[in-house]
Amino acid sequence: MDKNKILEDYIGNDMKKIRKICDKIISKTNIPKMYWDDYYDKAVDILLKSMDTYDESKNCKFSTYFYGNLVRRKETWKRDCIRFKRCKISEKSQQLFNERV
């Protein structure tokens, strides 16, 4: 497995391939488009980790392995990312409310 070729393939050309894969996964959810860029960033992290953990001796292509990792990590990312942002908004709202009272 040539890691440089994989990186160029997925991340090259303004991340066209990784965005196409992520768009296919995220479009099936109710995640607002403003968060999609965050998922693209996470997808690059998942790509790097997938390259390190991929085992060529298994009967699986890298693209299938990577896609499976993206799908599995989507819900974890969604929970952590959106909940964190919602919590920050709630904290800020609570601070503003306390200042007015």
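1. Of the contacts in the protein with a separation of 6 or more, 62% are between residues 24 or more positions apart; a contact here means heavy atoms within 4.5 Å. The structure is a predicted model, in which local features need pLDDT of at least 70, side-chain atom pairs count only at pLDDT 80 or more, and totals for chains, interfaces and linings use all residues. Residues are numbered from 1 along each chain as its sequence is written, and side-chain values use heavy atoms, with hydrogens and water left out.

2. The protein has three helices and zero strands, giving the pattern α-α-α along the sequence. Helices (H or I, at least four residues) and strands (E, at least two) are DSSP runs, numbered from the N terminus.

3. The protein has 101 residues, and 31% of them are buried. Buried means under 20% relative accessible area, exposed over 50%, and partly exposed in between, with a 1.4 Å probe and protein chains only.

4. The accessible surface comes to about 7400 Å², and carbon and sulfur atoms hold 51% of that area. The areas come from the Shrake-Rupley method with a 1.4 Å probe.

5. Buried residues in helix 2 include W36, Y39, Y40, A43, V44 and L47.

6. C22 is buried, at 0% relative accessibility. C60, with a relative accessible area of 29%, is partly exposed. The count of disulfides is zero, a disulfide being a pair of cysteine sulfur atoms within 2.5 Å.
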